[in-house]
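Me: I am new to this structure. Can you walk me through how to read it, one feature at a time?

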Amino acid sequence: MNYLNTKGRIFDIQRYSVHDGPGIRTIVFLKGCVLRCRWCCNPESQEYKIQTMKVLGEDKVIGRDVTVEEMIKVVEEDRPYYRRSGGGLTLSGGESLCQPEFARDLLRAAKEHGLNTALESMACAPFETIETILPYLDLYLMDIKHTNPAKHKEFTGRPNDLMMENARKVALSGKCKLIIRVPVIPTFNDTIEEIQGIARFADTLPGVEQLHLLPYHRLGQDKYIGLGRPYLMEGILPPTKEHMETLKKAAESVSSLHVQIGG
């Protein structure tokens with residue numbers, strides 16, 4: 001049972017969530033990320049180190065170290081909701097794969113407790129790392145942000161080659177359900193052509209049936225102020241409902257995928 005002593009660093013726990021997987025879920029947010037997306041709504045997740053952020057004028061410590069055993073006890077508290085709704089545990093971030101041992105062992109603990117498991121991730125890690133997690137994973141919610149490596153690097157800090165390669169490898173493994181998600185960001189990937197490019201790619205992945213379009217929002221803007229960082233999307237407005245519907249239809253027109261707004 002040594003895996004229950006594996007330590008990780010988290011910055012938030014969200015209970016009773018109806019997003020990021022089926023049913024009612026508990027989402028555990030892990031510290032650390034290799035990308036620096038301009039629109040990131042959790043900038044406090046990017047650094048692995050424990051930070052201080054101003055929240056409503058008060059200093060708040062962001063990040064704490066926990067064990068798998070501590071976390072699974074928290075997750076277990078809401079078992080009645082999971083049982084009735086088909087919910088369970090979702091790991092998010094940041095990028096959960098920055099803490100692969102903790103992610104793997106927490107998912108393992110959830111599976112051994114009979115819970116549904118999901119991972120929200122950009123797949124920006126060696127596939128050998130991802131392989132260690134797949135046996136304990138029911139659903140992989142994988143971001144594909146763009147098909148153009150240069151533009152992907154311009155807006156996130158890294159090209160997309162590894163993520164797209166890993167998407168194909170995860171799909172080919174057949175070890176878990178894979179859903180492709182696209183954060184729809186004005187000035188980055190919100191044209192019909194760009195969304196269709198992602199839809200065409202997702203449609204080539206074996207077993208992938210769903211594409212989720214997630215509209216950009218500005219809910220994390222105050223966090224940048226609290227961290228003393230500039231918000232690089234200043235002045236960029238969220239896409240309208242009408243534009244999201246246009247993109248949804250555009251993706252459907254070039255793929256056999258079930259396309260939905262939100263997810």
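Predicted model: local features only at pLDDT ≥ 70, side-chain atom pairs only at ≥ 80, totals over all residues.

Me: How do β1 and β5 run, and how many bridges join them?

Reply: They run antiparallel, and 4 bridges join β1 (residues 7-17) to β5. Take Lys 7 as an example: its bridge partner in β5 is Thr 67.

Me: Which residues of helix α1 are buried?

Reply: In α1 (residues 68-76) they are Val 68, Met 71, Ile 72 and Val 75. They cover an arc of only 100 degrees around the axis, so they sit on the same side of α1. Their cover includes β1, β2, β5, α2, β6 and α3.

**Reading the charges**

Me: Why look at charged side chains together?

Reply: Side chains of opposite charge can pair when their charged atoms come close. The count here comes to 18 salt bridges. One of them joins Arg 36 and Glu 47, at 3.7 Å from N to O. Both residues lie in the loop between β2 and β3, so the pair ties together parts 11 residues apart in sequence.

Me: What does a salt bridge within a helix look like?

Reply: Take Glu 112 and Arg 108, whose closest N and O atoms are 3.1 Å apart. Both lie in helix α3, 4 residues apart, about one turn of the helix.

Me: Which residues form a network?

Reply: Arg 15, Glu 77 and Asp 78 are linked in a network of salt bridges.

Me: What about Asp 190: is it buried or exposed?

Reply: Asp 190 is buried, yet has no salt bridge. The nearest side chain of opposite charge is Lys 151, 6.8 Å away. Asp 190 is found in the loop between β9 and α7. Beyond its neighbours within four places in sequence, Asp 190 is in contact with Val 184, Ile 185, His 243 and Leu 247.

Conventions
Residues numbered from 1 in each chain as written. Heavy atoms only, no water. Helix = DSSP H or I, 4+ residues; strand = E, 2+ residues; numbered from the N terminus. Buried < 20%, exposed > 50% of the residue type's maximum accessible area, 1.4 Å probe, protein only. Lys, Arg positive; Asp, Glu negative; His and termini not counted. Salt bridge = Lys/Arg side-chain N within 4 Å of Asp/Glu carboxyl O. Contact = heavy atoms within 4.5 Å. Pairing = 2+ DSSP bridges. Arc of directions from axis to C-beta.
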